[in-house]
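Reader: I am new to this structure. Please walk me through it in short questions and answers.

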Amino acid sequence: MKRPQYVFRPNLNEPQHRRAWALLQQMPPAKRKEFLVQSILTAEQTNRLEKSIRKVVREELQAVST
């Protein structure tokens, strides 16, 4: 079985892509893969946490307004 592969080609005309590219370039080449994995997992965890917080706040606001 072949390993999945992903090629990252940032559009350096976009500020977020430029910033991501600069951060990636600061990493030693041997650590870039782990940096990308951790960045993706952290972003996913942050999104889940944000959704949970929004849900709790919404529930609390509904409880207060009833």
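Reader: Is A20 buried or exposed, or what lies in between?
Author: This is a predicted model: local features need pLDDT of at least 70, side-chain atom pairs count only at pLDDT 80 or more, and totals for chains, interfaces and linings use all residues. Residues are numbered from 1 along each chain as its sequence is written, and side-chain values use heavy atoms, with hydrogens and water left out. Buried means under 20% relative accessible area, exposed over 50%, partly exposed in between (1.4 Å probe, protein chains only). A20 has 33% relative accessibility, so A20 is partly exposed.

Reader: Where is A20, and how far is it from P10 in space?
Author: A20 sits in helix α1. Helices are DSSP runs (H or I, at least four residues), numbered from the N terminus. A20 and P10 are 10 residues apart in sequence, and their C-alpha atoms are separated in space by 8.2 Å.

Reader: What kind of aromatic pair do F8 and W21 form?
Author: A search of the whole structure finds 1 aromatic pair. Rings of Phe, Tyr and Trp (its six-membered ring) pair if their centres lie within 6.5 Å; planes under 30 degrees apart count as stacked, over 60 as edge-to-face and the rest as tilted. The ring centres of F8 and W21 are 6.2 Å apart and their planes stand at 40°, so the pair is tilted.

Reader: Which parts of the chain does the pair link?
Author: F8 is partly exposed at 33% relative accessible area, and W21 is partly exposed at 31%. The two residues are 13 apart. The pair links distant parts of the chain: the segment before α1 (15-26), with F8, and helix α1, with W21.

Reader: Which residues of α2 meet α1?
Author: Contact means heavy atoms within 4.5 Å. On the α1 side stand L23, L24 and Q25. Their partners in α2 are R32, F35 and L36.

Reader: How far is N47 from Q25?
Author: N47 lies in helix α2. At 45% relative accessibility, N47 is partly exposed. N47 and Q25 are 22 residues apart along the chain, and their C-alpha atoms are separated by 25 Å.
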